[in-house]
Amino acid sequence: MGGQLAAKCSEAWAAGAGLIVAVALVLAWPYLWLIAIAGAGLALLYFLLRNPFWAYVAFVFSLPFATLRLIPIRGISNPAFMAIIVLSLSVIFNLHRLPPLRMGRLGVKPWLLALFIAVALITSPFTINQPDAVRFAVIAIAILLLYLLGTMLIADRAKLRICANWFLLGTALSACIILYDFFFVHGPLKAGFYRAGSFYAGGPATGIVICFLVATPVALLFAEEKRYWIIRLGYFAVAALSAATIIFSATRSAWLALAFLALIELFRRPVRAVVGVGLMLLLVVGVVRLYLPVMYERYTIRAFSALNPQYGKQTEVGFRIENYQVGAKMLASYPLFGVGLANFGTHAGQFGRETVPVDLGLNAHNAVLEVLACAGLIGGLAYVLVWLLTFYELIFAARRGPPPVRPLALGMAVGFVLYVTHSMFHSGYAALLLAFIFAMSTVMSRLSREGKAPSETARA
């Protein structure tokens, strides 16, 4: 009797559960794809929280989106910042599994970064524009921490390649989003944005080009290694998408950097360089009717005013030239610690800016000038030395590193030169991308030294 009663109860529970599931499926059917996406997202989040290296890879993948505000929520504007949060949590949850951080193997670069940050923190309370000074100091701290994490988590050649390939994939997807938006949504014919990416960038699109400048030579170098045509085609597609995004971003300093890359390619691979430049020119000519009217309005008047100043005041060139005088006076007045990060524009009126209204608060449009004026000789020179050491590490790995490392090192060295070329006309000294470049250069240099030591010992 008891067994029959238990069986009837279990059947009733099963029937009730089945009825609940059926009703839930009927109600949730229109939103099933959202549920599936949410489930996949939670599974991915769990995987990243369990694996710090792949959390770092997710951060690297998100870097090309760091200047695109894809999510209209203040403070969570793009995937890059969310990736940093996930990476931080993953590190906290897996502290016992992380490899040791051997500061002695990193050289002086982290200490120079720390000195730059110390100067930024010391000057922040005494600046006119304290919020921006604190914000940039926090970004500098984030760059240092992400750099240290990168040197810990990227331990071998395989992980170097994984990080580089995911960075290229993120760059390609970011380029697709920007170009689609430019041609079909917010381009010159629709919303009047003449710079590709300016809608998502929330202003001038000068910041979006930095990842594309680095990705283009890396993709070209990777394409040279691969035997299978389909893989080579994929890398060439990344380079082409990156170059197209740079062209339609209308960032003249990035055009200059791209021309410098074309010159390098002309010496290395003349046929490929001519074909690549030809394809880019065909692309520009193909959309000239879409692009030229707005570009003419924006740039032709500037060029005319520069050549004929009697017809109108030219602010673009004059402002940049004036910055050198303003920056020199600023550094002379605050030689040790500078005026504080992101305070160049706030202090410019005190040192003779006239071409552009001071209330615009524009930066120095030159990374070296701004970092010296804002962080002084102590902090500014330390940060400039970090850039020089990074370039030296990349060249060292490109020349003396293990053969699998050399193409990546050479590609990143050229990409870093393009980044610096662009930064000579824009103040891009506090970009999250730098943490990745700093870490990759240190790891590749370390692997090159460690790989060379056994052979030197054998010869001795």
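Guide: On a 1 Å grid over the protein atoms alone, a cavity is a set of points where a 1.4 Å probe fits but cannot get out, and its lining residues have an atom within 4 Å of a point. The points are joined across faces, edges and corners, and the volume is the space filled by probe spheres set on them. The structure above is a predicted model, in which local features need pLDDT of at least 70 and side-chain atom pairs need pLDDT 80 or more, while totals for chains, interfaces and linings use all residues. Residues are numbered from 1 along each chain as its sequence is written, and side-chain values use heavy atoms, with hydrogens and water left out.

Visitor: How much space lies in the largest cavity?

Guide: A search of the whole structure, taking cavities of 30 Å³ or more, finds two of them. The second largest cavity has a volume of about 40 Å³, whereas the space in the largest cavity comes to about 50 Å³.

Visitor: Which helix gives the most residues to the lining of the largest cavity?

Guide: Leu113, Phe116, Phe136, Ala140, Ile143, Leu144, Leu341, Tyr383, Tyr429 and Ala430 line the largest cavity. The elements that supply two or more of these residues are helix H5 (109-123) and helix H6 (130-153), where a helix is a DSSP run of H or I with at least four residues, numbered from the N terminus. With four residues, the most is given by H6.

Visitor: Which residue meets Arg161 in a salt bridge?

Guide: A salt bridge here is a side-chain nitrogen of Lys or Arg within 4 Å of a carboxyl oxygen of Asp or Glu, and by this rule the count comes to nine. Arg161 lies in helix H7 and its partner in helix H9 (residues 209-225), so the pair ties together parts that are 64 residues apart in sequence. At 2.7 Å from N to O, the side chain that meets Arg161 is that of Glu225.

Visitor: Is Arg161 buried or exposed?

Guide: Buried means under 20% relative accessible area, exposed means over 50%, and partly exposed lies in between, with a 1.4 Å probe and protein chains only. Glu225, at 32%, is partly exposed. Arg161 has a relative accessible area of 18%, so the word for Arg161 is buried.

Visitor: How far apart are the closest N and O atoms of Glu265 and Arg272?

Guide: Both partners are buried, Glu265 at 6% relative accessibility and Arg272 at 19%. They belong to a network of salt bridges that links Glu224, Glu265, Arg268, Arg269 and Arg272. Between Glu265 and Arg272, the closest N and O atoms are apart by 2.5 Å.

Visitor: Where in the chain is Arg269, which pairs with Glu224?

Guide: The side chains of Arg269 and Glu224 meet in a salt bridge of 3.5 Å, N to O. The pair links distant parts of the chain, 45 residues apart, with Glu224 in helix H9 and Arg269 in the loop between helix H11 (252-268) and helix H12 (270-286).

Note on methods: On a 1 Å grid over the protein atoms alone, a cavity is a set of points where a 1.4 Å probe fits but cannot get out, and a pocket is an open set with protein on both sides within 12 Å along at least five of seven lines; lining residues have an atom within 4 Å of a point.
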